Amino acid sequence: MTSTIGFVGLGTMGLPMAINLVKAGHQVRGFDVVTEQVEKARENGIEIVPSAAEAASGATVLITMLPKGDHVRQVLLADDGPLSTLEPSGVVIDCSTIDVATSRAVHEAGAALNIDVLDAPVSGGVGGATEGTLTFMVGGSAEVLDSAQYVFDIMGAKTVHCGGPGAGQVAKTCNQLVFGTNLVAVSEAFVLAKRLGLSDQKLFDVLSTSSGNSWVLNNFCPRPGLVGFAAANNDYAPRFAAALLAKDLGLAETAADSASMELHVAKSARELVDQLALVNGGLDCSAVIKVIDPDEQI
Ligand code: NAD
């Protein structure tokens, strides 16, 4: 089955996801506000259109992959936006990582127009987006997820139906809390080891084969020379930008407030990631080690 799929937000993650839809034979109508991303998308067979509303026009599925809740509101809750141009019985799949309240507002706006909405944030990073092996955490109706499963199967390897509207965002927030605190813990370990005379390589050899091993260590190792593709080996060019992790740890705190709960470890992690994001939010989040290590400069 060939579908027309609108795609808004052709950035680090959105572009490779959209390319996989093209490779699978679908017609993809894309929109982004950054010329460089638009050009890359065009080179990869995505039909570029001048607005989000036009990306949705004639499409049965609209995917958004935007940085923050504000961008999602701006795009999806605009009066003359894509919800007004999507085909009847179309589905909006918002893959951005955003706050639960905005996500639920999008579900409500869709319901008022008879448009189905799924919140479907992802995990797996740029590698997963490129290889089509992302994990999707989905909130919304199980029947709607069923009808859109073919789209998830192209972009990902695993789809977990988490529950009703916003449930995907709740799951993603919890995942980011674990990711961010683990990243800070791994960074602290490297700085402590160095100050006590243990080399990066020795620590990596031990951690990677011991109970301190983690996905973060193997994918976002904060010291250069240890994991070939890690951002640390590429001057911390962003695989996952510090500004986005700062946002996600902020979302975790907001979510915890709403649940009358205090996040002790995540709060400390957020303060450190915020310091990095304030100086250079475009750096990879693993550059947080430079905030922790007094010998380093951001
Ligand atoms: P990004 O900043 O690289 O891409 C976002 C894109 O949205 C940009 O190209 C930007 O120009 C575009 N955009 C912004 N406002 C727009 C608008 N009004 N209309 C059209 N386009 C607009 O971010 P990313 O790394 O691709 O992340 C996207 C989302 O996915 C974020 O919520 C992030 O937290 C989440 N995420 C990222 C990763 C990762 O490893 N990068 C992993 C999992 C989840």
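A residue is called buried if 20 or more other C-beta atoms lie within 10 Å of its own, exposed if 12 or fewer, and partly exposed in between, with C-beta atoms placed from the backbone. The structure is a predicted model, in which local features need pLDDT of at least 70 and side-chain atom pairs count only at pLDDT 80 or more, while totals for chains, interfaces and linings use all residues. Residues are numbered from 1 along each chain as its sequence is written.

**Exercise 1. Classify Lys172, Val126 and Asp146 as buried, partly exposed or exposed.**

Step 1. Lys172 has 30 other C-beta atoms within 10 Å and is therefore buried.
Step 2. For Val126 the count within 10 Å is 16 other C-beta atoms, so Val126 is partly exposed.
Step 3. Asp146 has 10 other C-beta atoms within 10 Å, which means that Asp146 is exposed.

**Exercise 2. Describe the surroundings of Lys172.**

Step 1. The UniProt annotation "active site", from an unreviewed entry, covers Lys172; UniProt positions are given in the numbering used here, feature names are shortened, and annotations may be inferred rather than shown by experiment.
Step 2. Lys172 is placed in helix α8; helices (H or I, at least four residues) and strands (E, at least two) are DSSP runs, numbered from the N terminus.
Step 3. Two residues are in contact if their C-beta atoms, placed from the backbone, lie within 7 Å. Not counting residues up to four places away in sequence, Lys172 touches Thr97, Pro121 and Met137.

**Exercise 3. Characterise the shell around the ligand and the position of Val126.**

Step 1. A residue is near a molecule if its C-beta atom, placed from the backbone, lies within 6 Å of it. Of the 28 residues around the ligand, Gly9, Gly11, Thr12, Met13 and Thr97 come nearest.
Step 2. By class, the shell has 15 nonpolar, 11 polar and 2 charged residues; Ala, Val, Leu, Ile, Met, Phe, Trp, Tyr, Cys and Pro count as nonpolar, Asp, Glu, Lys and Arg as charged, and the others, Gly among them, as polar.
Step 3. At least two shell residues each come from α4 (69–76), β7 (122–123) and α6 (125–131), and α4 gives the largest share, 3 residues.
Step 4. Val126 is found in helix α6. Its contacts, leaving aside neighbours within four places in sequence, are Thr12, Met13, Pro16 and Arg239.
Step 5. Val126 and Met13 are 113 residues apart along the chain, and their C-alpha atoms are separated by 5.7 Å.

**Exercise 4. Contrast the two domains placed by UniProt.**

Step 1. The unreviewed entry places "domain: 6-phosphogluconate dehydrogenase NADP-binding" at residues 4–163. This span is 41% helix and 25% strand, with its end C-alpha atoms 27 Å apart.
Step 2. The entry also places "domain: 3-hydroxyisobutyrate dehydrogenase-like NAD-binding" at residues 166–292. Residues 166–292 are 63% helix and 0% strand, and their end C-alpha atoms lie 34 Å apart.
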